[in-house]
Amino acid sequence: MTTDFDYDHLLRSNLERVFNERDDDKRRAAIAELFVEKPVMYEPTNIVRGRADISSVAGKLLAQFGPTFRFVPDGVAVGHHGLAHLAWQAGPEHGPVAVTGADVAEIQGGKIARLWVLLNKP
């Protein structure tokens with residue numbers, strides 16, 4: 001993979017169209033576009049396998065934290081040779097930051113194959 005791939009666009013699209021999307025159908029369509037057929041997501045306490053389960057986790061997170069909870073990129077994603085990193089922060093829109101972290105993704109064929117969700121200590 002060349003270094004001119006737009007890692008920033010891919011990882012920002014994941015935050016906005018998957019982890020900020022409350023409409024299940026739109027979120028599933030975004031996952032089909034952004035992730036390989038059988039992706040794996042590594043959370044601090046869970047391993048999530050498959051597009052449907054990733055969509056379910058994202059939907060449950062949004063439902064759990066309320067209607068204005070959002071993930072916001074913190075800087076520009078960087079990457080090369082199929083590995084990318086994007087820092088982010090999350091909390092209620094126009095409210096205090098509740099959590100910060102980063103997504104680290106393995107990219108295959110322009111799509112996310114594996115995604116590690118890293119949370120910063122409070």
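Val40 counts as buried, because its relative accessibility is 12%, under the 20% limit used for that class. The model examined here is a predicted one. Val40 is found in strand 1, which covers residues 35-43. When neighbours within four places in sequence are left aside, Val40 is in contact with Ile47, Val48 and Arg49, and also with Ala113, Arg114 and Leu115. Ile54 stands 14 residues from Val40 along the chain, and the C-alpha atoms of these two residues are separated by 8.2 Å.

The C-alpha trace spans about 40 × 30 × 25 Å along its principal axes. For 122 residues, a compact globule would have a radius of gyration near 14 Å; the protein has 14 Å and therefore agrees with this expectation.

Of the 122 residues, 40% count as buried. Among the contacts with a separation of 6 or more, 47% are accounted for by residues 24 or more positions apart. The protein exposes about 6900 Å², and carbon and sulfur atoms supply 54% of this area.

Asn14 lies in helix 1, which comprises residues 7-19. The relative accessible area of Asn14 is 0%, so the residue is buried. Apart from neighbours within four places in sequence, Asn14 is in contact with Phe19, Leu34, Phe35, Asp103, Ile112 and Leu115. Leu115 is also among the contacts of Val40.

Arg27 has its place in helix 2, residues 24-34. Arg27 is buried because its relative accessible area is 2%. Not counting residues up to four places away in sequence, Arg27 touches Arg17, Val18, Glu21 and Arg22, as well as Ser55, Ala58, Gly59 and Leu62. Arg27 and Glu93 are 66 residues apart in sequence, and their C-alpha atoms are 19 Å apart in space.

The aromatic side chains were considered next. A pair of aromatic rings is described by the distance of the centres and the angle of the planes. The structure holds 6 aromatic pairs. One of them joins Phe69 and Phe71: the ring centres are 5.4 Å apart and the planes stand at 85 degrees, so the pair is edge-to-face, an angle over 60 degrees being required for that class. Phe69 and Phe71 are both buried.

Phe71 also forms an aromatic pair with Trp88, with 5.2 Å from centre to centre and 80 degrees between the planes, and this pair is edge-to-face. Phe71 lies in strand 3 (residues 69-73) and Trp88 in strand 5 (residues 83-92), so the pair ties together parts that are 17 residues apart in sequence. Trp88 is buried, as is Phe71. Ring pairs link Phe69, Phe71 and Trp88 with Phe19 and Phe65 into a cluster. Phe19, a member of this cluster, is also one of the residues in contact with Asn14.

Technical notes. Residues numbered from 1 in each chain as written. Predicted model: local features only at pLDDT ≥ 70, side-chain atom pairs only at ≥ 80, totals over all residues. Heavy atoms only, no water. Rg over C-alpha atoms; globule rule 2.2 N^0.38 Å. Buried < 20%, exposed > 50% of the residue type's maximum accessible area, 1.4 Å probe, protein only. Contact = heavy atoms within 4.5 Å. Areas by Shrake-Rupley, 256 points an atom, 1.4 Å probe, with all protein chains shown as cover. Helix = DSSP H or I, 4+ residues; strand = E, 2+ residues; numbered from the N terminus. Phe/Tyr/Trp six-rings, centres within 6.5 Å; stacked < 30°, edge-to-face > 60°.
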